[in-house]
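Visitor: I'd like to walk through this one with you, a bit at a time. Could you put it up, so that I can ask as we go?

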Amino acid sequence: MVAASLTKDKIKESIVNHLHCTLGTDENKANNHAWWKATCAAINEQVLEQLRKTQKTHYFNDTRAVHYFSAEYLMGRLMSNNLHNLGMFDATEQALHELGINLTDVMEGEPDMALGNGGLGRLAACYIDSLATMELPALGYGLHYEHGLFRQEIQNGAQIERPDSWRDYGNPWEICRPESIQEIPLYGYVETKYGHDGRIQKEWHPGLIVKGLPWDIPIVGYGGNTVNVLRLWESQASDYFNWDVFNAGGYLDAHAENVKAETISKVLYPNDETHAGKELRLIQQYFFCACSLKDIIRRYKRAHGDDWSRFVDQVVIQLNDTHPAIAIPELMRILVDRAEMDWDKAWNITTKVFAYTNHTLLPEALEKWSVRLMEHVLPRHLEIIYEINQRFMDEVDARWPNNPGIKSKLSIIEEGGEKMVRMGHLSVIGSYAVNGVAEIHSKLVKEDLFPEFNEIWPTKFTNVTNGITPRRWLKACNPELSKLIDSKIGDDWPLHLDKLRELGKYADDPAFQEQFMGIKRQNKVALADEVMKLTGIEISPDAIFDIQIKRLHEYKRQHLNLLHIMALYKRLLENPGYDMHPRVFLFGAKAAPGYKLAKDIIYAINKVAEKVNNDTRVNHKLKVVFLPNYRVSLAEKMIPAADVSQQISTAGKEASGTGNMKLALNGAITLGTLDGANIEIAEEVGDENIFIFGNTVEQVNELWANGYNPYDYYYKNPEIKAVLDWLESDYFTPGKPGALASIKHSLLEHGDAYLALADFESYSEANKAVDKLYRDKKAWAKAAIINTANMGKFTSDRCIAEYVDKIWRLKPCNVD
Ligand SMILES: *Cc1c(COP(=O)(O)O)cnc(C)c1O
């Protein structure tokens, strides 16, 4: 621990000094914001010192580094994380306490950095935490969105989107680096020239040049030695280019170009698992990739000049999904057009630099850009993509002669309707490694999504099951449980999460069970207070806290959860003595603003909640809570209080899931399908300690092959019929019959694409098993402890170790 030796008195002195000298206020006048900023400034003294040492050490050792390219980073708040990773948490808490200030209140004032939608962005955040912790040379690259994911309000049950302005009070964690600005071309046309040696030369004459201004967020590893950076690019108007227009008398045109340039990093697209195909989004992707590549090459040239021969030894670029796939033709452009390298040599370098992580099999999420749009925005890149494709098609022809079917299937260019560029194909062809994010998902990537690519390059495909950082998702978010664990097995589990397995020997120990469940109850009391504050709904900590938190999507099946809640409600109305332990169903979920049915499901959850919570016939046994504005900081409050973790996606649809890992780590028992990492969680905890239900991937395929008909279930199961008909009535929306009918229609007329009805009965039975186990306090406590004890596999440190071993070939570099 680098900073652990920093005393409470020194921290106190530094905070007061920053209040006075940085913020121009004092202890008596300072508001919560000022205390937050002064505390950040005190922490930054440590952070920036280690950042400087890390950069010097990496430079001095000329280390190979991984460059993580991601359009999203869902960082959440940084203060608690940085304090824990620096080993300064307790001393800072005491220092503030002596100043009459509560650290928790200060931390609560920090806005979330919500520069991501959900799992993919949070994964990037966990990975950069692990990279720094494991002292690996790494840079994260992404976009400095002015507005992160929208803030969700609920009005009369419906989601309303409000802008997120996370930097309104400034961001004390970031450093602006104007000395590293990059200029990025867009639009225009390509000129073909012939060089003196007869070689064809392509010259791109851009129609617009924009500037990329880097902001560096220091990423503090646990232990505080290595501090890597997350470099996020902000777009700005390029002065000289626009001055030309200005001087030519086009003031308004110049201004319009400024607006265009500055729009690029304005907003995060709020779509999760859908591809919209919007021009600005393509520009965002190209903008941050081009800035990042220039940055990487500048750094490489500082050490190696124009000698490209060592580039592949120094640089590996991990593409977090296909969002940064345009970096592949961009590197080719730099090598072929700018460095005047032969195509084959350039391709040999490029395909040794990139590795690609696939995150989804959902057809609507697979990125494809129209050729027309790409030609307009990136004319030279389109040419390069065509060239890559032509050469690849020749290989396909050699392997499968006279087989136009296979050629059209494998081509980067999709023909038929409007011609499209398939970014997944480009990523596989341009990368030396392709990984899925859970065993089952990687198997489906190989067998269903890219079977022929796997035949051509069998060793290219691999799996790295996702993980989460235990520093944020146990130590920081659940301090009481963490202290209990420390007292039993020592305090190095945040670095060696497998050690949690030693807790297994206390699973049957009545005293430990009582302590473990006592902490769970305390966390439930705290969440109940928060629920009261946020919604005015009273919930009892004696009830089962059953939690489903994740983006709202039909494949994640929040509507299956809702149908079951309605069935419970109906059972209680028909039989007031219906035997069930009191249960609170809690939801947190944002819907993409354009995803109508997802918003309808949020509305339906809220309307059912309103009815149930106010129905005195049932509300001592059943409550439903929808917490608005689900985000990292809310997850940190909900997860430690969960008894049940709902992970109920249609088998084959959830690539991995990481919420499932966070909840199980905090002692929640999973109620889930055999999908994504649920399968591996079940392997770790054993079948007795998880509630598995529903059709498997094989059974799902069989259902579709046999002509799945949701009406069969509607007519066969009276409970299904009753709740679906109930949705169409005005029971939950008095005076507005049909307000919830779209959900019924999606499940019947529109074919129930995610098989909610096919899994309902099995889900209902699994829920009965949950209820039964919970009433056996000891059996539940044992299962909960076993869940925490067996989550070692899911530390993101294990993932990073696998990436290093299978893909990156990196060595740690000791700083200090
Ligand atoms: C972990 C996390 C997710 C991902 O949850 P899944 O259940 O895996 O979809 C989404 N949003 C936030 C805020 C998270 O912390």
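Visitor: Let's start with Asn 706: buried or exposed?
Guide: Keeping in mind that this is a predicted model, Asn 706 is exposed, with a relative accessible area of 61%.

Visitor: And where is Asn 706 found?
Guide: Asn 706 sits in the loop that joins helix H27 (697-705) to helix H28 (710-716).

Visitor: Different spot now. What about Thr 465, buried or exposed?
Guide: Thr 465 is buried, its relative accessible area being 2%, and its place is in the loop between strand S19 (461-463) and helix H19 (470-476).

Visitor: Which side chain makes a polar contact with the side chain of Thr 465?
Guide: That is the side chain of Asn 463, at 3.0 Å.

Visitor: And which residues does Thr 465 touch, leaving out those up to four places away in sequence?
Guide: Among them are Tyr 127, Val 437, Ala 438, Glu 439, Ala 677 and Glu 680, and the list also includes Phe 794, Arg 798, Cys 799 and Glu 802. Of these, Glu 680 belongs to helix H26 (residues 678-685), where it is buried together with Asn 678, Ile 681, Ala 682 and Val 685.

Visitor: What do the buried residues of H26 pack against?
Guide: They pack against helix H17 (439-449), helix H25 (659-665) and H32, as well as the strands S23 (644-647), S24 (669-672) and S25 (691-692). After H26 comes Gly 686, which has a positive phi, near 90 degrees.

Visitor: Which residues are buried in H17?
Guide: In H17 the buried residues are Ile 440, His 441, Ser 442, Leu 444 and Val 445, and what covers them includes strand S18 (433-436), S19, H26 and H27.

Visitor: You mentioned H32. At what angle do the axes of H21 and H32 cross?
Guide: The axes of helix H21 (residues 510-535) and helix H32 (residues 777-789) cross at roughly 75 degrees and come within 10 Å. An angle from 65 to 115 counts as roughly perpendicular, so H21 is roughly perpendicular to H32.

Visitor: Which residues make that contact?
Guide: H21 contributes Pro 510, Phe 512, Gln 513, Phe 516 and Met 517, while H32 contributes Lys 778, Trp 780, Ala 781, Lys 782, Ala 784, Ile 785 and Thr 788. By class, the contact has 8 nonpolar, 2 polar and 2 charged residues.

Visitor: What about H6 and H33, how do they pack?
Guide: Helix H6 (residues 119-133) and helix H33 (residues 796-808) have axes 9 Å apart and pack at an angle of about 80 degrees, and these two helices are therefore also roughly perpendicular to each other. On the H6 side the contact involves Cys 126, Tyr 127, Ser 130 and Leu 131, and these meet Ser 796, Asp 797, Cys 799, Ile 800, Tyr 803 and Trp 808 in H33. By class, that contact has 7 nonpolar, 2 polar and 1 charged residues.

Visitor: Last topic, cysteines. How many disulfides does the structure hold?
Guide: The structure holds 0 disulfides. Cys 477, for example, is in none, and the nearest cysteine sulfur to its own is that of Cys 126, 11 Å away.

Visitor: Is Cys 477 buried or exposed?
Guide: Cys 477 counts as buried because its relative accessibility is 12%, under the 20% cut-off. Cys 813 counts as buried too, at 6% relative accessibility.

Definitions and conventions: Residues numbered from 1 in each chain as written. Predicted model: local features only at pLDDT ≥ 70, side-chain atom pairs only at ≥ 80, totals over all residues. Heavy atoms only, no water. Disulfide = S-S within 2.5 Å. Buried < 20%, exposed > 50% of the residue type's maximum accessible area, 1.4 Å probe, protein only. Axes fitted to C-alpha atoms, helices over the stretch in contact; angles between N-to-C directions. Helix = DSSP H or I, 4+ residues; strand = E, 2+ residues; numbered from the N terminus. Parallel < 35°, antiparallel > 145°, perpendicular 65-115°, else oblique. Contact = heavy atoms within 4.5 Å. Nonpolar A, V, L, I, M, F, W, Y, C, P; charged D, E, K, R; others polar. Polar contact = N/O pair within 3.5 Å; in protein donor to acceptor, adjacent residues only side chain to side chain.
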